[in-house]
There are 2 protein chains.
Amino acid sequence: MRTRPLKVALLGCGVVGSEVARIMTTHAEDLAARVGAPVELAGVAVRRPSKVREGIDPSLITTDATALVKRGDIDVVVEVIGGIEPARSLITTAFEHGASVVSANKALLAQDGAALHAAAEEHGRDLYYEAAVAGAIPLIRPLRESLAGDKINRVMGIVNGTTNFILDKMDTTGAGYQEALDEATALGYAEADPTADVEGFDAAAKAAILAGIAFHSRVRLDDVYREGMTEVTAADFASAKQMGCTIKLLAICERAADGESVTARVHPAMIPLSHPLASVRGAYNAVFVEADAAGQLMFYGPGAGGSPTASAVLGDLVAVCRNKLAESTGPGESAYAQLPVSPMGDVVTRYHISLDVADKPGVLAQVATVFAEHGVSIDTVRQQGKDGEASLVVVTHRASDASLSGTVEALRNLDTVRGVASIMRVEGE
Amino acid sequence: MRTRPLKVALLGCGVVGSEVARIMTTHAEDLAARVGAPVELAGVAVRRPSKVREGIDPSLITTDATALVKRGDIDVVVEVIGGIEPARSLITTAFEHGASVVSANKALLAQDGAALHAAAEEHGRDLYYEAAVAGAIPLIRPLRESLAGDKINRVMGIVNGTTNFILDKMDTTGAGYQEALDEATALGYAEADPTADVEGFDAAAKAAILAGIAFHSRVRLDDVYREGMTEVTAADFASAKQMGCTIKLLAICERAADGESVTARVHPAMIPLSHPLASVRGAYNAVFVEADAAGQLMFYGPGAGGSPTASAVLGDLVAVCRNKLAESTGPGESAYAQLPVSPMGDVVTRYHISLDVADKPGVLAQVATVFAEHGVSIDTVRQQGKDGEASLVVVTHRASDASLSGTVEALRNLDTVRGVASIMRVEGE
C-alpha cells in the first residue's frame, strides 16, 4: 500500500458533511485498505467556524473554501454545501487545480451537469455524485455502469422522502394534506419551508439527472414537467382505493415508443397496490428501472439523512481515490445519444377524472362524446347519484397527455359538468 | 473515438451466450459509444458447432476454446460455460495471454475466487462477475463500489428463482412441495434434475461470493452452511401464516456482533409478511443489505434467464473494455479484513418448533425446562389439544444455533414428546 495519503477537502460540514468527516476518521484503516492508500481529511470549509465540531481537528477548519480548493495538494474535493453558488465556482476551481470532485448537489447537477462534466473532462478529473439522487441507494452507478450494456426504457421512482412520508400518512390514516405535512414537519421529515419538496422541485432535479444518465442524453431541470402534491386530497385517496391503487409522487423518465425522444416528469399519480412502488412506506425511496434485457429492477432504501447520504459520498470517494492512484478516471458524462426531450403533451399515460355533474339523463352520453372527439378511449366509468347531483368517475385508456388535457378543458365547458373534482394520472400498469 | 476494435471471445453460446452475442451485434453502435471504441465479437467457442446460431457469423465458431483464448489478440474473454472445468483453466489461460475476463460462473467463483483474482492481479487484468449473483440485479458492483466507504453488517436475500417460484406457489395455492416442483418443471423454472436449486447449492455459491465481497474476506462454498427446501410442507406454511409470516429460502451473510467473524448460510426461514423480502414473488430475486451508514437497502429484479444475465455480462463487458482503453483495472479482490467464517452453531437466530406431545398435565413444564436448561428463552407457546394428542408450537427468542439444536435434541429424548413435527428458523425481525 502507498503510504503517502490522498488529501480530501470537505466543503460543508452540516448533517452530511459532519457524518462524512466522522466516518473518514473512525474508519480510516478500512478506507485505506479499500483505496490502497491512506485517505486524509486535509481541510474543512465551513460558514460558522466557531461551532464546536466533535472529532474534527480545529486546525482543519477554514471559512475560505476557495483558498482550500486552490491549495494544489488536494486530491479530492467533497462538496456537500448544496445550492448553485458558491458550489459551482468551487467545483470548477477544484478541477482547475487538479482535484477530482464528489458532490451530493442535485440542484447544481440538474442545472449545470453538462458544463461541470466538461470541466472535469478538460482537466482529466472525476465528477461523481451518487449522493445527489436517492441518498444511499446505489442508483447512479448501477445505471451508468451495471446497465451500460443494456437499453433503459423507463426509470420511475419515489425520489423524495418528505412527500412520500406525507402521502403514506394520508393513505394509512386518512389525514388531509395539511395535517400530514404538520406531522412531517414536527418529526423533522419536512423543512420549515417545504416548497422544494412538496412542489416537486427536488424530485424534478433528480429526474433530470436520472433521465440524462439513463438515456445517454442531456436533460436539464427546465426540461422536466413538474406538478407538486399539495392538492392531493383525502378524497383522492378514497378514489384510489376504489381502484385498488394508492397515490405516490413519482419521477418518471421515459423513452418514447419510437425511441427518438425522451420525457421526464414529476407529478402525483395513482399506482396499483400490486406495484412494488406502492409498498414503499414512510420516508423511504425506491426506483423502478425497466431495461430491454435486464427486465424490471428495483432499488430501495433510505433516500435522505446524514448517514445514508454520507455512505453514498464515501463510496464515491473510494472510487475517485482509486482512480487517482491508478492515474485514470471513471466513466464521464455519456450524452452521445443526444435524444431531445419532448414536452409533457407527448407523454402517453392514463387519467383518472372525477366530475361533478347534473343528475339527469344524457349526461354520460355528452361526456363520452367529448372523450371520443378528443380521441381518448374510456376504460371504465362509475356514476354515483346523490340528491340531484351526481359524480362521474372516468378512467381512460392510454392517450397523449395533450389529448387528455384537451378533453378535460372541453369537459369544463359542458353545461352539465358543474366541476372537475380531481384529475390524476394512473401509472405503473 | 478509437477506431481499432476491442476483441471479445465468447466461451459458451447457450441461453446466456447467444443473448450476449445478439446484443453485441444489434447494439454495436451503442456499445461503441459507451466504451469509446468498437467492440467486436472475435470468436465463439461452442461444443456443438453444427447447431444453427442465428445472427452469428459461422466463421467465428470454434470448438477449440483453448486456442481461442490463446490467440493473443483477444482483449476480453466472456465465460458463460459454467461449471469448474474447463472454465477455470480457460480463464487462467486468458489472463496469461493478456485478456481480461467477464464470467457468470457462480460455482467457480465460490470455489476458486481467490486463486482467479490472484491470477487476474498477477497479469494486471480484470475479473468481473456481476452475472454470477442474482442475474441482472446490480449487486456485486453496488456492494464492492457504492458501499465501499460503508460497513456492511448483513446481506440477506432470495438468490434462487427456482426455489422462490416453488415456495411462492406453495404459499399462494396451498400446494405441497412435489406439486409445486412439478409445476415449476413444466413451466421451465426448474431443471430436470433440480438438486442444485432445491438443495440450496446454487444459493450457497452465491452466498459465498456475496459474503466475501461484503465483508472483505475470503468465504468459500465449503464455508456456507446449507439446508435445502425439499422438506418444507404445506403445514409449515400454515404455521407461518399463523405467525404473520411466509417461508423463503434465504441466503444470509452476517458479521458477528463482535465484528471479529462472519457467517454465511442458506436455509428455509420464516420471515414476517411486512418484510420487503416477503413480497418477492415468482422467480424474482431480491437482496436486502444492511450497512452502518446506508441503513437498509434492497435490490430487486429477475434473478436468472438469458436476457437478464446477458444484461449483467454486458455491463461488465463495457466496464472492462473501458478499463482496457484506459490501461487500468477496476477494483480487484478485497479480502484485507481476513475475517474467519464461524460455524453454524455460532449463528444467533430464532426458532419456530412444532412438537407432537402427549396431552397430559405437566408437558409444557417439562418442555419449558429443557429450553431453560439450554439457555434458550421462549418468546411464545401455543398449545392445541386434539383426541388425547396435542401439539405445542414454541417460538424462541434469539439464541445461538448450537443452543437451539441442543434444545431440540433434548426435546426428542423426552418421553412426553412424541415427535418434532418441524423446526424452522425465523429471520428478518
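In chain A, the C-alpha centres of domain 2 and domain 3 lie 25 Å apart. Good morning, colleagues. The structure is a predicted model, in which local features need pLDDT of at least 70, side-chain atom pairs count only at pLDDT 80 or more, and totals for chains, interfaces and linings use all residues. Residues are numbered from 1 along each chain as its sequence is written, while chains are lettered from A and ligands numbered from 1 in the order in which they are written.

I begin with the domains. Chain A is divided into domain 1 (6-135 + 307-325), domain 2 (140-303) and domain 3 (344-426), with bounds that come from an automatic or database domain assignment. Where domain 2 of chain A touches domain 3 of chain A, each contributes 11 residues; contact here requires C-beta atoms, placed from the backbone, to lie within 7 Å. On the side of domain 2, helix H11 (234-242) and strand E10 (262-272) of chain A each supply at least two residues. Helices (H or I, at least four residues) and strands (E, at least two) are DSSP runs, numbered from the N terminus. Which element gives the most to this side of domain 2? E10(A) does, with 6 residues.

I turn next to the two chains. Their contact takes 47 residues from chain B and 47 residues from chain A. On the side of chain B, H2, helix H6 (140-146), strand E12 (295-302) and H12 each supply at least two residues. H12(B) provides the largest share of that side, 11 residues. Strand E12 (residues 295-302) of chain A and E12(B) pair in the antiparallel sense over 3 bridges; pairing requires that DSSP find at least two bridges between the strands. Within this pairing, A:Tyr300 stands opposite B:Met298 in E12(B).

Two of the chain B helices also meet each other. The axes of helix H2 (residues 28-35) and helix H12 (residues 306-325) of chain B come within 9 Å and cross at roughly 45 degrees. Axes are lines fitted to C-alpha atoms, for helices over the stretch in contact, and angles run from 0 to 180 degrees between N-to-C directions. H2(B) and H12(B) are therefore oblique to each other, given that angles under 35 degrees count as roughly parallel, over 145 as roughly antiparallel, 65 to 115 as roughly perpendicular and the rest as oblique. From H2(B), B:Leu31, B:Arg34 and B:Val35 meet B:Val318, B:Cys321, B:Arg322 and B:Leu325 in H12(B).

Now to the sheet in chain A. An open sheet of 6 strands runs in the order E3-E2-E1-E4-E5-E6, with parallel pairing.

I close with some backbone details. A cis peptide bond joins A:Glu85 and A:Pro86, with omega about 5 degrees; A:Pro86 is found in the loop between E4 and helix H4 (87-96) of chain A. In chain B, a cis peptide bond joins B:Glu85 and B:Pro86, with omega about 10 degrees. Finally, A:His216 has a positive phi of about 50 degrees although it is not a glycine.

Terms used:
Two residues are in contact if their C-beta atoms, placed from the backbone, lie within 7 Å.
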